[in-house]
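Please consult the sequence and the coordinates alongside the text.

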Amino acid sequence: MIFRQFQDKVVRAYAPVAGAGPAAEVPVAASFPIGVDRPDSVAVSPDLLRAVYATPEFVACVDERGAEAWRFELGPALPRPGGLVACAYALDGATVWVYAPDAMARGAGPDRWLALDAGTGRIVAAAELPTAGQGASQFAHPDGVHVLLDVAEGQDGACLYRGRLEGGRIEVDEYDWSDRTMVALSPDGRHFMTVEHGQDDAAFHAYPDGSVVARVSVEALGHDPGDAFVEWIGGYVDPATAVVTVVGEDEDEEEEWFRRYLVSPHTGAVLAPLDTPSRDVYDIEPLGDGTWLTTEGGRVRRHAR
């Protein structure tokens, strides 16, 4: 798995290797200077030779020198676009998947899901989506064929799609709910994790049908749902262990707090609290192999149970 960070117009990629000791620092594997201060999203190719970044008006591909290999124009954006473009590489690096929130970013739908040739930026296939999304997350399935797309529609919830390339088009299947946000895909691809839109619980689903295998509520984690909620962050430490995060606020101190827990994605059982150093609630990246990453003092570190 490639972990990436963006700061000071540079995309930094980290490629953790097996065998690292507890709290071992993960070195930067590749860096890519880009030409904008705040891209909507960034992604790094599996071979670490190129990166792509998205803005409301285009997606661009650069090498380690920052030289632009190609640019795909999405069209003029509104002065204050309300949606974020999402880009991601396929596992084999041959395709760049792009979600374009045209309804919010350009004021005219439909939203688009695009598959671009990673070498040239040309369209391989495209699909129209009946959404007015504010942003999206994409998850490449380990089968190397499917990609999962979670489109966030603000107060209207979220829509989850499963897509694959088929005969010059994107074959799209939609899951039949709009009240759950996808958070992570298991390392073996057999399950995925969602958080309820009202943030009352986390659920774990069988792939591909989406049936609920286990559910973990705020109460099950030892908190009052009136005082705490499940955050849209977490993932699979390994196929049998997942991280669920609860956030609340100390009324006396008026400070927000968060707690992380290890749970079973197969039974919903709470296994143990997870006390790990990190800079904020979102600073954790479970890798699926029994380890996870956090950032300490600007350095990425790998941790194990």
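The points below describe the chain as a whole, then its charged pairs, then its surface.

The model is predicted, so local features need pLDDT of at least 70 and side-chain atom pairs count only at pLDDT 80 or more, whereas totals for chains, interfaces and linings use all residues. Residues are numbered from 1 along each chain as its sequence is written, and side-chain values use heavy atoms, with hydrogens and water left out.

**Overall fold**

- The chain contains one helix and 27 strands, taken as DSSP runs (helices: H or I, at least four residues; strands: E, at least two) and numbered from the N terminus.
- The radius of gyration of the chain is 19 Å, which agrees with the value near 19 Å for a compact globule of 305 residues; the rule is 2.2 Å times the number of residues to the power 0.38, and the radius is taken over C-alpha atoms.
- The C-alpha trace spans about 50 × 40 × 40 Å along its principal axes.
- Of the 305 residues, 51% are buried (buried is under 20% relative accessible area, exposed over 50%, partly exposed in between; 1.4 Å probe, protein chains only).

**Salt bridges**

- The structure holds 12 salt bridges, each defined as a side-chain nitrogen of Lys or Arg within 4 Å of a carboxyl oxygen of Asp or Glu.
- R180 and D201 form one at 2.6 Å, N to O; the pair links strand β17 (residues 180-185) to strand β19 (residues 201-206), 21 residues apart. Both R180 and D201 are buried.
- R302 pairs with D289 at 2.4 Å, N to O. R302 lies in strand β27 and D289 in the loop between β25 and β26, so this pair ties together parts 13 residues apart in sequence. R302 is buried at 4% relative accessible area, whereas D289 is partly exposed at 44%.
- R169 and E171 have their closest N and O atoms 3.0 Å apart; R169 is partly exposed at 41%, as is E171 at 27%.
- D102, R106 and R112 are linked in a network of salt bridges.

**Surface**

- A patch of negative charge on the surface includes D200, E219, D252 and E256; its members have over 30% relative accessible area and no salt bridge, with like charges joined within 9 Å.
- Strands β22 (241-250) and β23 (255-263) each give two or more residues to the negative patch.
- D252 is found in the loop between β22 and β23 and is exposed, at 75% relative accessibility.
- Q155, in the loop between β14 and β15, is exposed at 82% relative accessibility. The C-alpha atoms of Q155 and H197 are 8.6 Å apart, across 42 residues of sequence.

Notes. Patches are made of residues with over 30% relative accessible area and no salt bridge: like charges are joined within 9 Å, nonpolar side chains (Val, Leu, Ile, Met, Phe, Trp, Tyr) within 5 Å. Accessible areas come from the Shrake-Rupley method with a 1.4 Å probe; for residues, only the protein chains shown count as cover. Lys and Arg count as positive and Asp and Glu as negative; His and the chain ends are not counted. The place of a charge is taken as NZ of Lys, CZ of Arg, CG of Asp or CD of Glu.
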